[in-house]
Amino acid sequence: MSRGASSSRRTVAQIAPAAAVLTVFFLLPGAYFFLVSFWQIKRYKLVRETTLENYVDVVREYLPSIGFSITLALIIAAITTSFAFAIAYLIRFREGRLGTLILFVALTTLFGGYLVKIYAWKTLLGSTGIINQALMLIGVIEQPLDWLLYTPLAVVITLVHFLLPFAILPVHASLRGIADAPVDAARDLGASRFRIFAEVVLPQCETGVVTAFALTFFISVGDYVTAQLVGGPNTLMVGNFMQSQFINRLNAPIGSALAFSTLLATLIVFLALRYGFRLALGGLRR
Amino acid sequence: MRRWSAGSLSFALFSLVFLLTPLVLVVLFSFGENPHATLPFGHPTLHWYEELFANSNFWAALKNSAIITLSVGVLSAITGTAAAFGFSNMREGPAQIGLQFITAPVMLPPLFLALALATAYAAIDAPQGVLTVIPSHLVFTQPFVVLVIYSRMATFDYALIESARDLGASPLSIFLNVTLPIIAPNLIGASFLAMAVSLDDFVITFFTIGGGMTLPTLIWGMLRTSLDPSINALGTLVLVMTVGSSIIAFKTTRYRG
Amino acid sequence: MTDATPLLRLRGLTKSYDAHVALHPTDLEVERGDFLALLGPSGCGKTTLLRMIGGFLSPDRGRVEIDGQDVTALGPEQRNTNIVFQSYGLFPHMTVRQNVGFGLRVAKRGRAERDRDTAEILELMHLAPFADRLPAALSGGQQQRVALARALVMKPSVLLLDEPLAALDLQLRKAMQEELRNLHHEIGGTFVYVTHDQSEAMALANRVAVMDQGRIVQEQSPEAIYRHPRTRFVANFIGESNLLAAERKGDTCHVAGTSFPLQGPDGKLTLMVRPSNIRLGRGKAGCPKLPATIAEAVFMGDYWHIRLKLQSGEDLIVHQQQPSGQSKAPQTGGSTTAFWEPADCHVIDET
């Protein structure tokens with residue numbers, strides 16, 4: 001092949017700019033950020049002596065808040081993924097334009113107004129907000145519900161709303177990849193709707209479901225803005241501690257150790273869940 | 001394809017209402033006299049927009065947002081398209097690994113990237129401002145362009161390029177006269193997607209801009225300090241811009257989900 | 001006429017999509033052990049008909065009866081029919097064995113019975129060596145056999161096949177046709193087979209229903225359909241044919257400048273003669289003789305494909321077998337006389 005050498009040189013040149021951006025503004029800062037987690041702040045100065053003390057601090061002080069964040073994120077990811085799956089399932093298997101409309105709304109609001117969405121829920125869920133107003137108007141309640149806002153529930157509702165379009169996309173993409181014929185064949189062989197769902201549809205869109213769950217789970221674990229605006233003083237995510245280590249206490253090492261500990265814990269929980277999911281799907285088919 | 005049952009139909013409608021209500025309310029409040037974001041909306045008014053436009057912070061933030069968003073749109077179109085061409089020349093396996101690398105910044109919570117960048121910028125004493133925000137955005141917007149163009153190239157008819165070569169066209173001429181016109185809709189769509197992502201970003205901007213302001217950090221400031229009702233007007237503008245870019249993006253690429 | 005109810009009986013089955021009529025009211029009876037081919041060009045309604053037999057589509061009007069039972073309202077999961085799709089419809093995430101065993105598992109058969117039936121059918125279909133592979137690791141022909149095995153293992157009262165061989169290349173298709181024919185002999189059963197390939201229908205089926213524009217236009221044995229097509233469409237669709245405009249007066253048929261005795265009422269008619277039934281030469285007593293010139297002659301290997309120009313201006317296609325030892329090519333532009341045995345021409349009544 002005469003074009004082999006020149007074409008591979010061109011390929012390298014084409015990828016180089018993006019790779020440079022990735023290296024300089026992601027890989028190197030990430031690596032440095034990791035190193036920082038082993039250093040310390042002494043008299044407002046970064047001291048480059050390797051120590052595990054930050055991680056010891058994290059385990060001693062922040063383990064409960066990491067656990068709380070992961071638990072809340074699991075709940076959010078589970079709700080969002082199931083919700084998204086139900087929507088994507090209807091889009092794929094029901095005729096007509098309603099599905100297309102939902103998909104269009106999900107797509108176009110995907111990157112629209114992260115802060116605006118949180119703010120909107122803050123006004124919606126407040127004691128004088130529209131939800132309380134509506135409930136009182138139709139006479140379901142007499143006093144406004146005070147547990148709607150500034151509770152973990154508010155964080156769950158807000159993040160489910162924000163993350164739903166992110167989850168619909170990968171699930172829909174994988175459901176769209178399922179041909180009609182295997183589904184028809186399963187009906188033809190006598191399978192009930194539930195069996196078709198569990199044994200034919202779900203295993204074929206495993207990638208999409210896992211991607212949706214991972215995306216929503218990871219983003220929820222790291223989100224702190226939502227908790228800060230609608231969670232109230234008692235709903236603090238680990239991200240709130242991380243950013244306050246930076247902003248208020250100017251202690252990057254602790255913040256970094258906290259970040260990497262959370263990342264590791266999240267990864268372990270996620271991998272364990274995925275393993276369990278595979279096992280469950282495999283068990284169904286036996 | 002089955003028909004809609006009453007249950008599935010009401011679930012679908014609920015989903016639509018759930019997705020849209022918060023956004024619709026912000027828009028409605030921005031045009032209503034009632035300053036408290038409660039019902040009723042009050043008489044229609046443009047008062048909150050007038051108030052917003054009289055705020056010098058708004059214009060400063062808009063200027064920064066415009067500079068960042070447009071730069072990120074152009075730059076990610078360049079680096080992303082070039083990389084997508086590179087990956088589509090490679091075999092499937094290595095290309096997938098490369099794609100995983102390039103898209104890694106999107107997979108992490110933004111706070112991690114923000115803190116890592118803020119720490120690194122502090123370490124080298126980089127003066128923080130618009131110039132540090134642009135590359136910080138670029139690293140998580142270029143993956144969108146790479147993915148869109150890469151999937152377009154998967155169905156690209158390479159016989160066109162070979163015919164052009166056969167007719168004696170130079171590589172540059174082939175790119176400008178053959179490849180670019182064909183992928184232009186996807187490229188425009190991908191750039192608008194990148195711009196929507198950049199325009200809407202709060203976390204990474206907040207940690208890398210130093211003292212400056214963009215539209216999202218202005219919203220943040222308004223949320224933290226006062227109950228300024230013109231926030232609805234500002235929110236509506238941000239929604240119009242981000243949702244507008246997304247609509248352009250999906251219409252031009254004819255994306256169907 | 002027998003009293004026994006046919007295995008499958010369709011009565012007045014009708015289906016429309018908005019203004020488009022996919023299937024006009026259709027009656028059809030399939031006897032136990034029949035291999036029926038639904039034959040027609042794409043869009044003729046054959047797949048619509050098959051999907052209604054399988055229960056995937058519900059008819060606007062009419063009934064589907066299997067074994068005397070009205071199953072019109074039942075879905076595919078409740079019918080004792082099984083289908084083989086053109087695209088096979090294999091479960092991509094299950095092995096061959098799991099695919100074939102799926103229906104038995106759904107039917108809650110015991111483990112031992114399931115394993116035995118699955119192993120048996122895999123053996124019969126020569127699939128045993130691939131039992132633990134995923135469909136993606138199989139060739140097209142093997143995937144086809146898995147789809148067949150998966151349907152057959154259910155011992156359906158009617159096996160439905162929707163262009164099952166259309167995705168295979170010619171050689172494999174021929175081999176699979178033979179396999180299907182043997183399978184039908186071996187295990188019996190009743191097959192309904194949709195195809196657009198007339199030679200495939202001829203090779204496989206003992207009855208052929210030719211469909212056109214949402215109607216069954218003729219339903220008979222392959223030989224009867226070939227010899228006595230009822231309409232111009234059937235004549236053209238099944239094999240090659242010459243259609244000549246003719247007129248009958250007083251039991252004499254006038255065609256292309258000649259005439260021969262042909263009983264029947266007076267009037268215009270269309271005469272069909274197969275190209276292989278026409279001979280060239282000086283003619284023979286009692287045969288209609290048509291003087292012609294040779295317009296074109298193409299050597300096809302087994303025969304000469306010759307296009308004649310008749311005096312009426314019509315074309316006549318002749319397939320002339322090469323007598324052994326003779327290698328003289330027909331001369332283009334030469335004059336000749338075409339003739340056929342009266343029994344070999346068939347009248348298509350058209351109004």
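Contact here means heavy atoms within 4.5 Å. In this predicted model, chain B and chain C do not touch. Their nearest C-alpha atoms are 10 Å apart. Two pairs of chains do touch, and the pair with the most contacts is A and B.

The interface of chains A and B is described here from the side of chain B. Chain B contributes 80 residues to the contact, and chain A contributes 74 residues. About 7300 Å² is buried between chain B and chain A. Carbon and sulfur atoms carry 78% of that area. Within chain B, the residues that lose the most area to chain A are B:R2, B:L19 and B:F112. Together these three account for 10% of what the chain B side buries.

Zero salt bridges are counted between chain B and chain A. Polar contacts do occur across this interface: ten residue pairs are found, with both residues at pLDDT 80 or more. Helix 1 of chain B, residues 6–30, supplies the largest share of the side that touches chain A. That share is 16 residues. By residue class, the chain B side divides into 60 nonpolar, 13 polar and seven charged residues.

The contact of chain A with chain C comes next. Here chain A gives 18 residues and chain C gives 23 residues. The two chains bury about 2000 Å² between them. Of this area, 57% lies on carbon and sulfur atoms. Three salt bridges are counted between chain A and chain C. A:E199 forms a salt bridge with C:R105. The closest N and O atoms of A:E199 and C:R105 are 2.7 Å apart. Six residue pairs are in polar contact between chain A and chain C, both residues being at pLDDT 80 or more.

On the chain A side, the elements that give two or more residues to the contact with chain C are helix 7 (180–188), helix 8 (193–204) and helix 12 (252–285). Helix 7 of chain A provides the largest share, seven residues. The chain A side that touches chain C divides into nine nonpolar, two polar and seven charged residues.

Over all chains, the structure holds 27 salt bridges. One pair within chain C joins the side chains of C:E163 and C:K46, at 3.6 Å from N to O.

Strands of a sheet pair through backbone hydrogen bonds, either parallel or antiparallel. Strand 15 of chain C runs antiparallel to strand 19 (residues 335–339) of chain C, and three bridges join them. C:G281 has C:T337, in strand 19 of chain C, as its bridge partner.

Methods
Residues numbered from 1 in each chain as written. Chains lettered and ligands numbered in written order. Predicted model: local features only at pLDDT ≥ 70, side-chain atom pairs only at ≥ 80, totals over all residues. Heavy atoms only, no water. Buried area = accessible area lost by both parts, 1.4 Å probe. Salt bridge = Lys/Arg side-chain N within 4 Å of Asp/Glu carboxyl O. Polar contact = N/O pair within 3.5 Å; in protein donor to acceptor, adjacent residues only side chain to side chain. Helix = DSSP H or I, 4+ residues; strand = E, 2+ residues; numbered from the N terminus. Nonpolar A, V, L, I, M, F, W, Y, C, P; charged D, E, K, R; others polar. Pairing = 2+ DSSP bridges.
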